[in-house]
Amino acid sequence: MNLFDEVSFGGVTLKNRIAVAPMGVVHDMDGGVSQQQADYLIERAKGGFGLIYPAAMTVTDKWESPVYSGATLTSVSHMLRLKNMVDEIHRYGAKVAIQITPGYGRVHAGPPGVTNHVSASDNTVFAYPDHKCHALTVDEIKEIMQDTTVAAGYAVAAGVDIIEIHSYGAYLIDQFFSKMWNRRTDEYGGSFENRMRFFREFVEAVRLGTGPDFPLAVKYTPVHTIPGGRTFEDEGIQIAKILDDMGFIYMHLDVGCYEVWNKAIPSSYDEEGSQLFAAKRLREEGIKTPFLVQGKLNNPALAKEVIESGTAELIALGHQSIADAYWPRKVKEGRYQDINYCICCNECVFSGNCSINPVVFHEREYAFKKPEKKRKILIVGGGPGGMYTAALAAHQEHDVTLWEKNLQLGGLANAAAGPDFKFDIRRYIDHLIANVYQSGVKVQFVEATPEKIDDFGADVVIIAAGAKAMIPPITGINKKNVVTAYQLLAENAPVGKNVVVLGGGHVGCEAALDLYNQGRNVTVIEALDSILAAPMPRNTYQALTKVIKESSITCLTGTKLTEVTDTGVKFSGPDGDREIACDHVVVAVGYKPDHSLKEQLKGKPYKVLSIGDYNAARDVLHAVEEGFHAIRLLDDLAEI
């Protein structure tokens, strides 16, 4: 088997074995396919994906508000918008699979009062633990099944190629499957067969709407990886064997649930191919149905190996398809360095944006046109924002020069890429560097001054010079045994066996974990009452807090560092004033911008713009997004 083989499942022929994974992307307020969602998915069809999934489609809006969930398929209007998208995807040679679901149940994100949370039993609402779900009555279940038949008929009318039964990840069907969430005593609860009843009736209801021969797939979770959840031995394999005999054209495998969301949606701290163990185990158990697998499979070598080894017949890319719509085409052509590799930041989950692809969900309105005037552009700063902006400007045929004061491109991202477990960031930086040189940008390792910039003679200067590490006013903070997180992670500053990290935010915790992995004894001192207190994606938070908790790193919260001595540190915390010995202190309390260069360039005859951390210390998302719009709108901005 080959990743780019034409392959057939249940009479549906795919041009390759690569799917866009189903994700809850933008839809209309009534739950229908929006123009944004259609444009986004059509672009992935152009990019070479063989199978396209929209967001899961709920068969009823009686219980759950579509504003807070995926899509809905309950009306002719929904069907027609879906059909328009399906028809256009088909024109690019891709096929469409949709997930049909009775709902999300206890994990629906809608607030109580807006959402009538329902479940198999009166379970706690995941996002609102003070609230309980309404346990569906038998009559309400029958009503859902009737709605399911109607929705399935709409799917067929819309021209979709495959319907997938959405029965995984502790969503509503899985809540009926699972002893953990199903405590019913009627025909839908208790015994294993009774707990399977809701699923079986749902499949039958779909069949009533599609006819007996329409291709159906199923997505399910053999292991929840939480205490009390499903395991391979406790019903996971048993369910797989039942599904294996039900005529599904493939089995879409998933791992985890909302309590361990990083298992379902991996983070930087999860290994490549993080869900493959489930497929391998089910193969060992004799499951014959083809598998569709997912979970950090964007490394082309790994994706090919998964198919060639027979571990699975299809792979799904979720966040990678957001980061780069053209991954399949680039892999097929061997252009691996051109891939805009997902950095697993999960910003798409957190804010609905992609840190490294500002076009996503705006494919139509952000389409580039040729600039009215070719300009001489100077980019100051070779971090992600500067490199991305420089290459983008060069692709627009501007005359672009990039200045970087250090003898290494990457900027502050080199610290983010320092730990071994942040290989996703390192791969992205390598991609940016390659893109800069391939685009024809002239790279010079020069420290920018107002005089040098004046002499350069640019039409436009874009300052992407980043931010500087904050150094708090603490006695002894300038001693030789103190280094910044950047010096540690990006420049490999040597440290001793015993290290104190000042700051328990994202950077401080990653620095601490990196040191721990190297065999150091690490203590984190954080003034706030908890580490990782700043908002971040939940699955990223779950993954990072888990590895910190499982390590021997000591975290002292509600604690202030008062002095650095030659042999250790003094601090004040809940247990009063204390002192511990250490060899080095790593400062990781954040960054602040220095606007002095831009101030000195006021009133110059050339246009001066600034992007990224130079404006305010933030993250890659803002640097790339601001650089993108600076070039997209340059004809207007240069004249303002």
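This is a friendly dialogue about reading some features of a predicted model.

Trainee: What should I know before I start?

Mentor: The model is predicted, so local features need pLDDT of at least 70 and side-chain atom pairs count only at pLDDT 80 or more, while totals for chains, interfaces and linings use all residues. Residues are numbered from 1 along each chain as its sequence is written, and side-chain values use heavy atoms, with hydrogens and water left out.

Trainee: Which residues touch the most other members of the largest nonpolar core?

Mentor: First the general idea: in soluble globular proteins, nonpolar side chains tend to be buried together. A nonpolar core is a set of buried Ala, Val, Leu, Ile, Met, Phe, Trp, Tyr and Cys residues joined through side-chain atoms within 4.5 Å. Buried means under 20% relative accessible area, exposed over 50%, and partly exposed in between, with a 1.4 Å probe and protein chains only. Here the largest core has 132 residues, and Leu-82, Ile-98, Ile-163, Phe-199, Val-293, Ile-315 and Trp-327 touch the most other members. Helix α5 (residues 192-210) gives the most to this core, with eight residues. Helices (H or I, at least four residues) and strands (E, at least two) are DSSP runs, numbered from the N terminus. Apart from this core lies another, of 29 residues, including Ala-511 and Val-586.

Trainee: What is Val-293 in contact with?

Mentor: Contact means heavy atoms within 4.5 Å. Leaving aside neighbours within four places in sequence, the partners of Val-293 include Leu-253, Leu-276, Val-306 and Ile-315.

Trainee: Is strand β12 covered or uncovered, and how many of its residues are buried?

Mentor: Strand β12 (residues 162-166) is mostly covered, with five of its five residues buried. Ile-162, Glu-164 and His-166 are on one side, and Ile-163 and Ile-165 on the other.

Trainee: Which strands pair with β12?

Mentor: Two strands pair if DSSP finds at least two bridges between them. Strand β7 (residues 95-101) runs parallel to β12 and is joined to it by four bridges, with Ile-100 opposite Ile-165. Strand β13 (residues 216-223) also pairs with β12 in the parallel sense, over four bridges, and there Ile-165 stands opposite Val-218.

Trainee: What is the order of the open sheet of five strands?

Mentor: The order is β22-β29-β23-β24-β25, with parallel pairing. β22 (482-484) and β25 (554-556) stand at the edges with a single partner strand each, so one side of each is left without a neighbour in the sheet. β22 pairs with strand β29 (residues 584-587) over three bridges, and Val-482 has Val-585 as its bridge partner there.

Trainee: How many disulfides does the count give?

Mentor: A disulfide is a covalent bond between the sulfur atoms of two cysteines. The rule used here asks for a pair of cysteine sulfur atoms within 2.5 Å, and the count comes to zero. For Cys-509, the nearest cysteine sulfur is that of Cys-555, 6.0 Å away. Cys-509 counts as buried because its relative accessibility is 1%, whereas Cys-555, at 30%, counts as partly exposed.

Trainee: Where does Ser-572 lie, and which side chain does a polar contact join to it?

Mentor: Ser-572 lies in strand β27 (residues 568-573). A polar contact is a pair of N or O atoms within 3.5 Å; within protein, one must be able to donate a hydrogen and the other to accept it, and residues adjacent in sequence count only if both atoms are side-chain atoms. Such a contact, of 3.2 Å, joins the side chains of Ser-572 and Asp-577.
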